[in-house]
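Open the model in your viewer and keep the selection panel at hand.

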Amino acid sequence: MTDLNNKHRVGPEELQDLEMAAGPQWLCANLLFVMFVSADEKIIPAESGQDVTLTCRATNKNIYTLEWSRADLGGKNVLFYWKHHFDPANQHPSFKNRVDLKDRQMKDGDVSLILKDVTIDDTGRYECRVVMEQTRSWGFISIINLRVVVPPDKIIPAEPGQDVTLTSQAPNNNITAVKWSRADLGDKNVLLYRDGKFETDNQHPSFKNRVDLQDRQMKAGDVSLILKNVTTADTGTYECRVAQKSEERMKLRSRRSLIVAEPKTLPAESGQNVTLTSRAPNKNIYTLEWSRADLGGKNVLFYQKHHFDPANQHPSFKNRVDLKDRQMKDGDVSLILKDVTINDTGRYECHVFMTETRSWEVTSFINLRVVDPPGQKNITALSGQDVTLTCRAQKKITVLKWSRADLGSEYVLQYHDNQSVPDDQHPSFKNRVDLQDREMKDGDVSLILKDVTTNDTGTYECGVFMEETRSWEVISIIYLTVVDPPGPSGGIIGLIVVVLLFLVGVVFLIYRKHKVSRYSYKVPTENNEAPQSPQQDCVRGQTEVNYPEPPADGH
């Protein structure tokens, strides 16, 4: 036995005899501690699927034998390199075809190890030992602790009925097979595409006719999965593995967590303080993020190691957000959003990074709907005027509609993708309505109604189509009253009254003359002829009237 305390040095002849008798395995097992050289211990973090280089450099380039090992491999090695050749006889099976030297010539003493496509099983303490030509003895020159973790899942939220793309990228086009799987499906897969064909024999029934590759040609290594018409049952962690021509086995390329859920809808009014409630499964929270998809990569709030990080916060939320409990007791990660406006309307997501799992988890989806305080606006206008019906919506608007209930299925004005849609517009509004700002800057969707008449009186509603809920939402109600101006109309009415009074007077005079004619005094004549009326005598120029003499006295 070798005396470790005396650090026995093996001479060239002795070493040669040992080599011939037992080969390199005996050397590895029995000369391991002949010479011990202090080595600094390094820690290298890595993620599953990566290729990792464990750096190591000998003091000179006169290297006779090299070994990389790990204590928990039960006597097996990671790599053994002897006389400029790999010796796989005692190599652990998990490292076959996965390890190499960065430089097989070991120039300048570089004996760094390349470990390909690492997994969490590769986590451990790696040791690099060499036998130098000059000393013909083993020596430690590097100790490296490799920590391999599962890469953080990319979390994809979705709602029932949507089509979802799970993105994934392979390093090149030399792809022979693509497999998408989900752990809870057992030995069934989501999709298997091999040699330009789909293999459905082992596909889980729930995915039949619902999945496809985004690009079957897999150009530029695109192996993304399209999952159609998702349901809550599709929630889970999906893994993409790819086989390439130069490799014997499939490598994990990406992991995507899909969460399909009916989001909560929270209504609010402008000016209120709103709490978006969320609770993580436990209190071991390392990082917390509240986000909204339409913020262009910016976040609502980012909280790490008990401190707010405002570096990537969207400007509209600065000094307006806080946590309900900064200690996050019992996993409470609820967000307080102060003095909300209609521009805060949107879909909010809460993500937490858990210490135990070292992965992100989604804890909440909340649709916040902010509207102006209730109350119908009343506007009075005169016939002939142009009227503006004010309305303001959230900034991102795809479909807008102004309507009036008494118009049935027809509308006042509809805008879709920045263009007016005249198909179902009520005829009375054609060429009479427009938006105050066709670009709808800052959410201005006010309506201009030109040359109004009394027929325009009614209740007008301003509605926008919400992409998140796939439904219409009324954000403004205005009652418009149109009346005729007092000037010209009053004059006409007065004239009509005067004419009517004049006609009544004429009729009265005619009636009066006719009445006088009927009751004129009649005088008998000698021939018993009817006397002429005074009017007739006047016409004839005769004005004499004979009256009878009074009777004599005594008769």
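**Stop one: the disulfide**

The structure holds 1 disulfide (a pair of cysteine sulfur atoms within 2.5 Å). Before you zoom in, note that this is a predicted model, where local features need pLDDT of at least 70 and side-chain atom pairs count only at pLDDT 80 or more, while totals for chains, interfaces and linings use all residues. Residues are numbered from 1 along each chain as its sequence is written, and side-chain values use heavy atoms, leaving out hydrogens and water.

Select Cys391 and Cys462: they form the disulfide, with sulfur atoms 2.5 Å apart. The pair links distant parts of the chain, 71 residues apart. Cys391 is in the loop between β29 (387–389) and β30 (399–404), and Cys462 is in strand β35 (residues 458–466). Strands here are DSSP runs of E with at least two residues, numbered from the N terminus. Now check the torsion about the S-S bond: it is about -85°, so this disulfide is left-handed. Are Cys391 and Cys462 buried or exposed? Both are buried, meaning under 20% relative accessible area, with exposed being over 50% and partly exposed in between (1.4 Å probe, protein chains only).

Two other cysteines are worth a click. Cys56 has a relative accessible area of 5%, so it is buried. Cys128 is at 0% and therefore counts as buried.

**Stop two: the largest nonpolar core**

Next, select Leu54, Leu66, Trp68, Val78, Leu79, Tyr126 and Leu146, the residues with the most contacts inside the largest nonpolar core, which has 28 residues. Such a core is a set of buried Ala, Val, Leu, Ile, Met, Phe, Trp, Tyr and Cys residues joined through side-chain atoms within 4.5 Å. The strands that each supply at least two residues include β1 (41–47), β3 (63–70) and β9 (138–149). Which strand gives the most to this core? Colour β8, which gives 4 residues.

Stay on Leu54 and show its surroundings: leaving aside residues up to four places away in sequence, it touches Ile44, Trp68, Ser112, Leu113, Tyr126 and Ile144. Contact means heavy atoms within 4.5 Å.

**Stop three: Arg326**

Finally, go to Arg326, in the loop between β24 (321–323) and β25 (335–337). Its relative accessible area is 43%, so Arg326 is partly exposed. Not counting residues up to four places away in sequence, Arg326 touches Tyr303, His306 and Phe308.
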